[in-house]
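Take a look at the model below. The walk starts inside one chain and then moves to the place where two chains meet.

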Amino acid sequence: MATSFKSLESGRDSVVTRNLLHEAIPITGTIVSGTYADENIKEFSHGMFQSVYDYPYLSSSANHIFDLTCGYSADSVLSGTGYPAAAQQDKKINIYNQMAQVLVGFDENGAVRRFDEDGDLTDGTKIKDAYFFNFTRLLSKDEIKKGSFTLSLGMNNTYATPFSSLVSVTDYSGSNGYKVNSPAGEYGILYATGSALVGGDVTPDGNGNVKAGLLYYQAGIAVITSSLFQGLLGTDAQMNSAGEDSEAVLTGSSINLNADSIRHRINNISFNNTTELNSTVYFCRVNNTDFNYSANPTYVSSSKMVVKTNSQDLPVSYVTAVGLYSPDNELLAVAKLSEPLKKDPSTEFTLRVRLDY
Amino acid sequence: MGFLDNSGDIILDAVLTDLGRKRLSEGNGRFRITKFALSDDEIDYGLYDKNHPSGSAYYDLNILQTPVLESFTNNMSSMKSRLLSYSRDDLLYLPVILANTNSDAQPFYSSLNTYLVLVDQTTVDALTTDNNSLVAGIFNGFEPQKGLNHIQADQGLDTTELSNEISLADEDDTLVETQYFVQIDNRLGNLRSLTSTQFSPSSIDDDNIATYIFAEADDTGVVSSAATGASSIISGPRGSRIQFKIAASLDTKTSTFLFDQIGTPGTSAITSGTKTLNAANYRFIDSTVRISGVSTGYTLDIPIRFVKKTS
């Protein structure tokens with residue numbers, strides 16, 4: 001009996017594989033602030049966050065790349081009576097609580113935990129005032145690759161010339177030092193390094209690093225402590241043209257103005273994303289006796305095979321595609337070869353067909 | 001020391017067809033890959049030069065240089081000609097399937113080289129006063145039980161080099177097709193037996209293409225063995241014959257929507273006996289019925305035209 005299908009044996013002719021695909025994502029600071037005169041910055045009437053696009057957002061070519069927002073904990077000094085001119089205080093507290101609820105979770109009493117600078121939720125210094133960088137799924141894909149994140153910030157204290165002194169914020173230990181006690185997946189500690197940190201409140205460790213925030217890999221969110229701009233620096237950074245420091249802007253200005261002040265100091269952001277590819281590889285085993293003839297209408301002329309002169313000649317066919325079929329003979333997937341592949345009774349091969357999900 | 005040849009194992013990236021995506025999204029286990037087939041859609045075997053002066057290594061030079069297109073994701077557009085496995089290497093002739101359009105069988109409608117399917121009573125009445133007597137090539141799709149016209153395709157070795165006095169089954173029964181897929185646009189029509197028994201398709205894909213499966217062993221009478229002495233378009237040994245009628249779908253019978261949407265105004269008058277349906281008075285939809293041999297893989301597309309009187 002002639003046949004044009006060959007069965008795939010369950011367990012023998014297919015295997016499931018998992019591959020991680022990485023892409024390098026560079027975001028230059030001039031896109032974030034400068035090149036498009038803020039036409040790529042979208043603000044919303046609710047004022048809860050600011051969206052950054054890679055092109056003026058009214059264009060259909062624009063891609064949403066990340067959001068910026070800020071907030072502080074209800075028990076932060078910034079929410080206290082010492083800051084009577086607080087702007088959008090409720091919204092900032094709401095933002096902090098929302099992010100903390102999702103990224104840090106709840107304690108045994110059902111209360112929202114606060115961000116912890118070293119990931120030890122039982123103790124230690126909490127990050128009570130923070131800026132949040134929420135990278136879109138378009139950029140972060142399944143997760144940010146551990147150990148690949150770098151946020152370069154201009155930390156010169158003068159507002160007009162921020163980039164004359166740079167601080168680099170990285171998760172350099174992320175590839176082997178990440179934490180797993182978050183409900184939002186794995187996260188790493190962000191460390192800042194740069195000469196501007198000399199003379200700050202915290203003495204850098206032997207590698208010149210100071211803890212500066214947290215990076216949630218699967219969530220694609222970087223949490224940067226506000227003290228990076230005031231306290232950790234030798235000289236506090238001016239966050240706006242009026243020369244106000246971080247605490248003053250965090251409390252006295254809207255979330256949008258805070259986002260503006262952060263964008264003003266972003267020099268570069270880069271990381272590698274990760275896409276998890278689950279594949280099934282089907283081993284299409286073509287034995288020497290298989291598929292040596294064709295049902296192609298040009299294969300015969302008056303029913304006589306055009307590739308043979310007499311019956312002793314070996315039949316020959318040329319493969320250009322592999323089709324994967326269901327039990328009811330419906331074509332579910334197809335793979336093409338780059339060039340015709342000769343098949344005759346003297347050859348046999350295995351075509352490995354990979355189907356990605 | 002030379003390197004070992006590592007070209008024996010080839011990895012290819014597959015793409016899901018539209019039907020594959022649909023079944024995957026259904027999540028009911030219907031996305032299950034259990035078999036594979038190979039095809040050579042782009043290959044023109046006419047380029048195989050058995051007389052090349054430089055020898056056999058050059059016979060397929062032009063074929064091997066054939067550029068290959070990227071995958072089509074429409075499941076109906078790929079894998080149209082599949083490669084075949086036969087247990088013998090010494091075959092010189094392969095069977096084909098041909099529409100039996102001989103004048104003493106089921107010829108096309110005279111001038112159009114297609115079959116016409118009249119979809120409603122109004123259209124039938126425009127071309128006959130007796131439902132049973134439409135000229136050759138015109139089917140009563142409204143009431144397929146009336147009239148004798150139908151589609152007939154024969155399978156076998158279409159060559160005069162072999163006698164048609166011998167049966168293909170006697171020559172080599174592996175060349176006889178005993179099971180067929182028949183595909184038709186389910187929006188337009190469906191299949192009936194010659195006695196007008198209605199069939200249910202085995203599947204309907206995302207593009208509304210219905211697939212029917214008929215076998216010689218089933219009791220539908222659609223597939224039968226082709227007798228050696230019978231009239232046939234096959235010149236040599238005959239294998240099997242498939243024949244069926246086409247009924248118009250409910251949509252085409254009762255609505256003009258599809259004729260307005262994908263149809264065309266008539267371009268020439270249709271005549272049956274003494275009656276004529278003028279071009280200005282009807283619309284039509286051109287489609288095909290695809291017949292494929294399950295084991296021999298040969299595929300035949302038969303053109304059909306659904307006709308509806310509109311004024």
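A:Lys141 and A:Glu23 join their side chains in a salt bridge, with 2.9 Å from N to O. This is a predicted model. A:Lys141 sits in the loop between helix H3 (137-140) and strand S9 (143-144) of chain A, while A:Glu23 belongs to strand S2 (residues 14-28) of chain A, so the pair ties together parts that are 118 residues apart in sequence. Over all chains, a search of the whole structure finds 29 salt bridges. Side chains of opposite charge can pair when their charged atoms come close.

The structure has 26 aromatic pairs over all chains. One of them is A:Phe66 with A:Phe135: the ring centres are 5.6 Å apart and the planes stand at 50°, so the pair counts as tilted. A:Phe66 is part of strand S5 (residues 64-72) of chain A and A:Phe135 is part of strand S8 (residues 129-135) of chain A, so this pair ties together parts that are 69 residues apart in sequence.

Now turn to the interface. How many residues of chain B are in contact with chain A? There are 74, and they meet 73 residues of chain A. The size of an interface is often given as the accessible area lost when the parts come together. Here the area buried between chain B and chain A is about 7,100 Å². Carbon and sulfur atoms give 57% of that area. On the chain B side, B:Lys35, B:Phe36 and B:Tyr45 supply 12% of what chain B buries against chain A, more than any other three residues.

Strand S1 (residues 6-7) of chain A and S2(B) run antiparallel and are joined by two bridges.

Charged and polar links also cross between the chains. The count between chain B and chain A is five salt bridges. The side chains of A:Lys336 and B:Glu42 form a salt bridge, at 2.6 Å from N to O. Polar contacts between chain B and chain A number 45 residue pairs.

Which elements of chain B give two or more residues to the side that touches chain A? They are strand S1 (9-16), helix H1 (18-26), strand S2 (35-39), helix H2 (61-64) and strand S3 (83-84) of chain B. S1(B) gives the largest share, eight residues. By class, this side of chain B has 34 nonpolar, 21 polar and 19 charged residues.

Technical notes: Residues numbered from 1 in each chain as written. Chains lettered and ligands numbered in written order. Predicted model: local features only at pLDDT ≥ 70, side-chain atom pairs only at ≥ 80, totals over all residues. Heavy atoms only, no water. Contact = heavy atoms within 4.5 Å. Buried area = accessible area lost by both parts, 1.4 Å probe. Salt bridge = Lys/Arg side-chain N within 4 Å of Asp/Glu carboxyl O. Polar contact = N/O pair within 3.5 Å; in protein donor to acceptor, adjacent residues only side chain to side chain. Helix = DSSP H or I, 4+ residues; strand = E, 2+ residues; numbered from the N terminus. Nonpolar A, V, L, I, M, F, W, Y, C, P; charged D, E, K, R; others polar. Pairing = 2+ DSSP bridges. Phe/Tyr/Trp six-rings, centres within 6.5 Å; stacked < 30°, edge-to-face > 60°.
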